[in-house]
Amino acid sequence: MMLIACLASVAFLPGIWKQEAHLGQLNSAHTRQQSAVLFRKPAELHPHTPAARRLEAILERCEEGPAPDYRPTLWAKNRFANLGLYMFKVEADRALRRGPFIKWQSISPDLDIAWSDCDDTQALPSDAPLLLILHTLTGTAASAQWLVRAATQRGWRTCVLVRRGHARTLASPSFNLLGDVDDAKEQVRHAKTAYPDAQLTAMVGLSAGSGLLVSYLGQEGDRAEVDAACAVCPAYDVAQAFTRLKDEFPLTDRFLLNDVKRKFVKSNEEILRDFSPAAFDRCIQARTLHEFFGAHAPFALRNPNAKAEDYFTICNPMAYYHGLRVPLFILSSCDDMVCHKRQIRDDLAKVTPGVALLRTQEGSHLAFNEGVFGQRSYVIRSIFNFLNAALHTETELGSHRTMVQRKAPWKSRDSQD
């Protein structure tokens, strides 16, 4: 797999420079701009909103400030080189790991939780902060291992909420590229039950996982069993996010489309055909990633008569952002080829209490490599800058559930710097 990642980045090269050429003037202008800009609505405009007050307290406690500077690895500054390096690092981390690192907890025939199970995790106290990770479009626990490892090294107990069809073939004819909120609720409930004394619970969504994160938090509102959250490279409005991907980045669209067909449709042909032969055929015949999103509506909504417009109405995270009650940190890059810069919703952060959006000029999709050799990650640095600050505010403001006058299911303790 590590070799495949390397070859994949090289395979993109013939199309990279053609896709990049028309952006040359824009890139030169970017060098004169700030590398990271933070958008949020000041808490004083929402003095009685707990999420807004808590967000301000968190941002004030960020050790690197609320908008850390991002300087990409010089030789991997191009969006595709940045992504290729990231893919190589993910595969290298997976290939070079030592010892039992992931422990699987099956909570239904189609749902799993993958827990960090290394020596450092086993040594954590019962009230260690808990981090719930929502993985990428076709990802698994293994593809999120780099983040699991980083969190564990920082004293967080970590697990990955693995969606239907990602760990094994389907036991029922249902899968959703963006994940199902009811499934997420069940997984969160099991994770919280396993560690009820955790002093803080945070959630991080990666790419497509960010969509599920916003939908879960927005639909649950004050009931969400999470105290702070981070969304990395979200697509925002999924009804529009991928409509032009094939025209602007055809290699990226083709790669993602083939990946979802292989993982979800071809691997589960019998059970999906039995449920809806027409929907199965539409998924196989989809020519773009956007078409596939609409074609898999019957499987996502568990209704053989569901249509594309039903999916984009019911499963669009932007339909639920107004219900957010948890401090949310969003990281987006202007050179993201998957989640395009025109989709970045600066306006949401400017009008929604408790939401902060950090927008960088470079970073590609999830990559954000930094350091001379690309050995460091701005994603890790920025989200733990936020989450550790959230942990430090625990004793000052209390947990999110206390602020909304709900009884917390765990015991709080003083956080230590």
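User: What makes a stretch of chain a strand here, and where does Glu370 fall?

Analyst: Strands are DSSP runs of E with at least two residues, helices are runs of H or I with at least four, and both are numbered from the N terminus. Glu370 sits in strand β10, residues 369–370. This is a predicted model, where local features need pLDDT of at least 70, side-chain atom pairs count only at pLDDT 80 or more, and totals for chains, interfaces and linings use all residues. Numbering runs from 1 along each chain as its sequence is written, and side-chain values use heavy atoms, with hydrogens and water left out.

User: Why is Glu370 called buried?

Analyst: Buried means under 20% relative accessible area (exposed is over 50%, partly exposed in between; 1.4 Å probe, protein chains only). Glu370 has 5%, so it counts as buried.

User: What makes the Glu370 and Arg381 pair a polar contact?

Analyst: The term needs a pair of N or O atoms within 3.5 Å; within protein, one must be able to donate a hydrogen and the other to accept it, and residues adjacent in sequence count only if both atoms are side-chain atoms. The side chains of Glu370 and Arg381 make theirs at 2.8 Å.

User: Which residues does Glu370 touch?

Analyst: Contact means heavy atoms within 4.5 Å. Leaving aside residues up to four places away in sequence, Glu370 touches Tyr70, Arg71, Thr73, Gln375, Arg376, Ser377, Tyr378 and Arg381.

User: How do you know that α12 has close to its expected reach?

Analyst: Expected span is 1.5 Å times one less than the number of residues. Helix α12 (250–265) has 16 residues and reaches 21 Å from first C-alpha to last, close to the 22 Å expected. Its buried residues include Leu256, Leu257 and Phe264.
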